[in-house]
Amino acid sequence: MTDTAASSSKGSPAEKTPKRGFFGRIMLFIRQVLAELGKVVTPTRRELVRFTITVLIFVIIMMLLVTALDLVFGRSAVWVFGDS
């Protein structure tokens, strides 16, 4: 579906394709987007729940890590520079 030189073998130049105009390039882009959207697979309900729980757990862990680092750096800054 793509118009690239990847199909050429041994470094020989690809066949000359006619230069597309502005609207031709837009239409090619839209056709390629629709072709890619046709490949999308919708997750099942079980997969969706599992992915959601995984993301939420990861976000909670990252929040705890950032909070801990913030406390450590904040207290070390107070220790180094003193409490004004």
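## A salt bridge and its partners

Lys39 has a relative accessible area of 58%, so this residue is exposed. The cut-offs are these: buried is under 20% relative accessible area, exposed is over 50%, and partly exposed lies in between, with a 1.4 Å probe and protein chains only. Because its relative accessibility is 46%, Glu36 counts as partly exposed.

Lys39 and Glu36 form a salt bridge, and their closest N and O atoms are 3.1 Å apart. The term means a side-chain nitrogen of Lys or Arg within 4 Å of a carboxyl oxygen of Asp or Glu. The structure holds one salt bridge. Side chains of opposite charge can pair when their charged atoms come close.

## How the model is read

This is a predicted model, where local features need pLDDT of at least 70 and side-chain atom pairs count only at pLDDT 80 or more, while totals for chains, interfaces and linings use all residues. Residues are numbered from 1 along each chain as its sequence is written, and side-chain values use heavy atoms, leaving out hydrogens and water.

How many aromatic pairs does a search of the whole structure find? The search finds one. The ring centres of Phe22 and Phe23 are 5.3 Å apart and the planes are at 75°, so this pair is edge-to-face. Rings of Phe, Tyr and Trp (its six-membered ring) pair if their centres lie within 6.5 Å; planes under 30 degrees apart are stacked, over 60 edge-to-face, and the rest tilted.

Phe22 counts as exposed at 52% relative accessibility, and Phe23 is exposed too, at 64%.

## Helices and surface

The chain has two helices and zero strands. Both kinds of element are DSSP runs, numbered from the N terminus: helices are H or I with at least four residues, strands E with at least two. Helix α2 covers residues 45-81, and its 37 residues should span 54 Å at 1.5 Å a residue, which agrees with the 53 Å between its end C-alpha atoms. The expected span is 1.5 Å times one less than the number of residues. Gly82 follows α2 and has a positive phi, near 85°.

Of the 84 residues in the chain, buried ones make up 1%.
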